[in-house]
Amino acid sequence: GVLAEVRRVRTRLALRGTTAAQAWARLDRASLTLAGMATRLDGLAEPAVREAAEADRSLRELANRVASVERALKLAPAEARGPLAEAHGALAAQLESGVAAYERLVVAAAGYVAEDARPSATEHPAAARLTEATDLLHGVAAALAELRTASPPLRTR
């Protein structure tokens with residue numbers, strides 16, 4: 001976990017100042033969100049989780065490629081800038097499109113988790129049991145109060 005965090009921070013710093021930085025940050029947020037749901041994405045959702053992991057690696061590589069081309073573009077002689085700028089624009093568009101698709105996948109995964117956990121009743125079973133226990137305790141407390149205030153006090157001896 002710590003090593004992965006160090007890599008993430010190092011990559012974020014390496015991309016700073018490039019057009020890929022914002023897309024990478026969005027991808028990183030989406031990836032962390034998906035990772036937080038991963039244990040609940042089982043059954044029919046498992047293939048989507050595997051696909052997301054592969055897409056994450058591919059998009060991170062693409063972000064690094066966009067940043068590399070952008071840095072080279074600043075150094076390129078005037079005659080090479082046109083084609084390189086065109087290639088950079090195409091790569092940046094692919095990155096943006098891929099990150100947006102990844103974010104949509106994360107939203108769909110959240111919908112799956114929400115629907116999978118939602119009970120068919122309007123009230124969660126735990127809340128229903130707590131309501132029943134609360135009613136029971138109120139009833140017992142009222143009965144004890146009634147026993148204490150009865151005309152001839154009842155003796156337990």
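A residue is taken as buried when its relative accessible area is under 20%, as exposed when that area is over 50%, and as partly exposed in between. By this criterion, buried residues make up 24% of the 157 residues in the chain. The structure described here is a predicted model.

The chain contains five helices and zero strands, and its order along the sequence reads α-α-α-α-α. The C-alpha trace spans about 110 × 30 × 25 Å along the principal axes. The radius of gyration is 29 Å, whereas a compact globule of 157 residues would have a value near 15 Å. Of the contacts in the chain with a separation of 6 or more, 76% are between residues 24 or more positions apart. The accessible surface amounts to about 11100 Å², and carbon and sulfur atoms account for 61% of that area.

Helix H1 comprises 14 residues and extends 20 Å between its first and last C-alpha atoms, close to the 20 Å expected at 1.5 Å a residue. After H1 comes Gly-17, which has a positive phi, near 85 degrees.

Helix H3, formed by residues 46-75, has 30 residues. The distance from its first C-alpha to its last is 45 Å, close to the expected 44 Å. The buried residues of H3 are Ala-52, Asp-56, Leu-59, Arg-60, Leu-62, Ala-63, Val-66, Ala-67, Val-69, Glu-70 and Leu-73. An α-helix has 3.6 residues a turn, so residues three or four places apart point the same way. The cover over the buried positions of H3 includes helix H1 (2-15), helix H2 (20-37) and helix H4 (78-117). Ser-58 also belongs to H3. Ser-58 is classed as partly exposed because its relative accessibility is 43%, a value that falls between the 20% and 50% cut-offs.

Ser-31 is located in helix H2. With a relative accessible area of 16%, Ser-31 is buried, since the limit for this class is under 20%. Apart from neighbours within four places in sequence, the contacts of Ser-31 are with Asp-56, Arg-60 and Tyr-102. Asp-56 and Arg-60 are among the buried residues of H3.

Two residues of helix H4 were examined individually, Ala-93 and Val-99. Ala-93 has a relative accessible area of 46% and is therefore partly exposed. The C-alpha atom of Ala-93 lies 9.7 Å from that of Val-66, a residue 27 positions away in sequence; Val-66 is one of the buried residues of H3. Val-99, in contrast, has a relative accessibility of 1% and so counts as buried. Outside the four places on either side in sequence, Val-99 is in contact with Ala-23, Arg-26, Leu-27 and Leu-59. Leu-59 is itself buried in H3. Val-99 and Trp-24 are 75 residues apart in sequence, and their C-alpha atoms are separated by 8.0 Å.

Technical notes
Residues numbered from 1 in each chain as written. Predicted model: local features only at pLDDT ≥ 70, side-chain atom pairs only at ≥ 80, totals over all residues. Heavy atoms only, no water. Helix = DSSP H or I, 4+ residues; strand = E, 2+ residues; numbered from the N terminus. Expected span 1.5 Å × (residues − 1). Buried < 20%, exposed > 50% of the residue type's maximum accessible area, 1.4 Å probe, protein only. Contact = heavy atoms within 4.5 Å. Rg over C-alpha atoms; globule rule 2.2 N^0.38 Å. Areas by Shrake-Rupley, 256 points an atom, 1.4 Å probe, with all protein chains shown as cover.
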